[in-house]
Amino acid sequence: MFRSRTSLNCDEDMSAFPKVNRQTRRYVNQNGSWMTLGSLSTESGVSVTGLHSLLRNVPSISGLDVLGRPTQLYHEGDARAILDAYVALPKVDKSSARHTDANGDNWVAVGTLVEEAGVDSKTIKTLAQGVSFLEGRSSMGKRVLLYNERELKKHMEEFLSLPHVDRKSGTYVDDYGISWAPTGYFEQKFNVSYNTIKPRLQDVKSIQGRGIDAGGRVVTLYQVDQVSSKLDHFSALPRVD
C-alpha cells in the first residue's frame with residue numbers, strides 16, 4: 001500500500017520506514033522497487049528540479065535514504081516510463097537554441113523568436129497556427145513546443161513586412177503621403193469612445209498593419225483624413241445638456 005506524499009515526523013520510529021539499500025540504491029517490496037530523486041537524477045541525467053515536475057503524479061512512499069535521512073521514494077517502474085519518454089524528446093542545442101532533425105530542418109521555441117525578432121509571444125503563437133510543431137526539451141530541460149522554423153519564419157516575414165505605426169505620431173504614412181491609424185488614435189485625438197467611432201468606419205478605407213506596442217501586434221489601420229472628417233462633423237453637432 002502506498003503512503004501519501006508527506007514528510008516523516010521526527011518523533012516517529014525511523015526503523016519502521018523502508019530504507020534504501022546502499023548497494024542497489026533502491027528499496028524493494030511487493031509493489032516493486034523505489035528510488036530517491038537523487039538516484040533517479042544520477043541515472044537519468046535529468047536534474048532533481050526537473051524530476052520534481054516530471055514525477056509529480058508518480059506513486060511515492062515515505063522512507064529513508066542510504067544515510068538514514070527522511071525522504072520520498074518514487075516507484076521506479078512508473079518513473080522510468082515517464083523518464084524514457086521524456087529523454088527521447090528532441091532536445092534544443094544550447095548554442096544554436098534550436099533542434100535540427102535528421103532532414104536538416106530546424107525547430108525552435110516561441111521564446112527564442114521573441115528574443116531574436118522582438119515580437120511578443122502572443123503574436124508569434126497566432127502566426128504559428130497551422131505551422132508544423134513537435135514536443136521537445138529546451139536547453140534547460142523544460143518541455144516546450146518546437147515549431148518548424150522555415151514555415152514559421154515565412155509567416156513572420158509576412159507579418160514584419162506590414163506597415164508599422166510610428167510610436168511618436170501614432171500613425172503610419174505610406175509612400176503616397178497618406179496617413180493611417182488604428183482606432184485608439186482617434187479615441188485619444190477626438191476624446192470619443194470606440195462605440196462612437198465604429199459606426200463611422202463602414203465606408204472608410206483600411207489596411208492591415210502593426211501597432212505601436214512592443215510586439216507590434218496586427219491591427220486595422222484606417223485612413224486618417226476620412227475618419228477625422230467624420231468625427232469633425234460629429235463633434236460639430238449640437239450637444240444636449
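The following legends describe close-up views of a predicted model. Local features require pLDDT of at least 70 and side-chain atom pairs count only at pLDDT 80 or more, while totals for chains, interfaces and linings use all residues. Residues are numbered from 1 along each chain as its sequence is written, and side-chain values use heavy atoms, with hydrogens and water left out.

**View 1. An open sheet of four strands has the order 1-2-4-3 with antiparallel pairing.** Helices (H or I, at least four residues) and strands (E, at least two) are DSSP runs, numbered from the N terminus; two strands pair if DSSP finds at least two bridges between them. Strand 1 (27-29) and strand 3 (60-64) are the edges of the sheet, and each has a single partner strand, so one side of each is left without a neighbour in the sheet. On average, neighbouring strands are turned by 35 degrees against each other, direction ignored. Axes are lines fitted to C-alpha atoms, for helices over the stretch in contact, and angles run from 0 to 180 degrees between N-to-C directions.

View 2. Strand 1 and strand 2 are antiparallel and joined by three bridges; they form a hairpin with two residues between them. Within this pair, Tyr27 stands opposite Trp34 in strand 2. Trp34 also stands opposite His75 in strand 4, where two bridges join the antiparallel strands 2 and 4. Strand 3 is joined to strand 4 (residues 70-75) by five bridges, again antiparallel, and Leu64 has Pro70 of strand 4 as its bridge partner.

**View 3. Helix 1 and helix 3 are seen against the sheet.** Helix 1 (residues 37-44) lies across strand 2 (32-35) and strand 4, and runs at about 95 degrees to strand 2. Helix 3 (residues 76-87) packs on the sheet and touches strand 2 and strand 4, its direction making about 70 degrees with that of strand 4. Contact means heavy atoms within 4.5 Å.

**View 4. Thr24 lies in the segment before strand 1.** Thr24 is partly exposed, with a relative accessible area of 41%; buried means under 20% relative accessible area, exposed over 50%, and partly exposed in between (1.4 Å probe, protein chains only). Thr24 and Met35 are eleven residues apart in sequence, and their C-alpha atoms are 9.6 Å apart in space.

**View 5. The largest nonpolar core has 13 residues.** A nonpolar core is a set of buried Ala, Val, Leu, Ile, Met, Phe, Trp, Tyr and Cys residues joined through side-chain atoms within 4.5 Å. The residues with the most contacts inside this core are Leu40, Val46, Leu51, Leu54, Leu55, Tyr74 and Leu83. Helix 1, helix 2 (48-54) and helix 3 are the elements that give two or more residues to the core, and helix 3 gives the most, with three. Leaving aside neighbours within four places in sequence, Leu54 is in contact with Val46, Ile82, Leu83, Tyr86 and Arg143. Another core, of twelve residues, lies apart from the largest one and includes Val119, Ile124, Ala128 and Leu152.

**View 6. Helix 4 (residues 110-117) has Val110, Thr112 and Leu113 buried.** Seen down the axis of helix 4, the buried residues fall within an arc of 155 degrees, so they line one face of the helix; the arc is that of the directions from the helix axis to the C-beta atoms. Their cover includes strand 6 (106-108), helix 5 (121-127), strand 8 (143-148) and helix 6 (149-160). Gly118, which follows helix 4, has a positive phi near 70 degrees.

**View 7. Strand 7 (residues 133-137) and strand 8 pair in the antiparallel sense over five bridges.** Phe133 stands opposite Tyr147 in strand 8. The hairpin of these strands has five residues between them, and Gly141 takes a positive phi near 90 degrees.

**View 8. Helix 9 (residues 224-236) has Val224, Val227, Ser228 and Leu231 buried.** These buried residues fall within an arc of 100 degrees seen down the axis of helix 9, so they line one face of the helix. Asp225, His233 and Ala236 are exposed on the other side of helix 9. The buried residues are covered by elements including strand 10 (179-181), helix 7 (183-190), helix 8 (194-197) and strand 12 (218-223).

Note on methods
Expected span 1.5 Å × (residues − 1).
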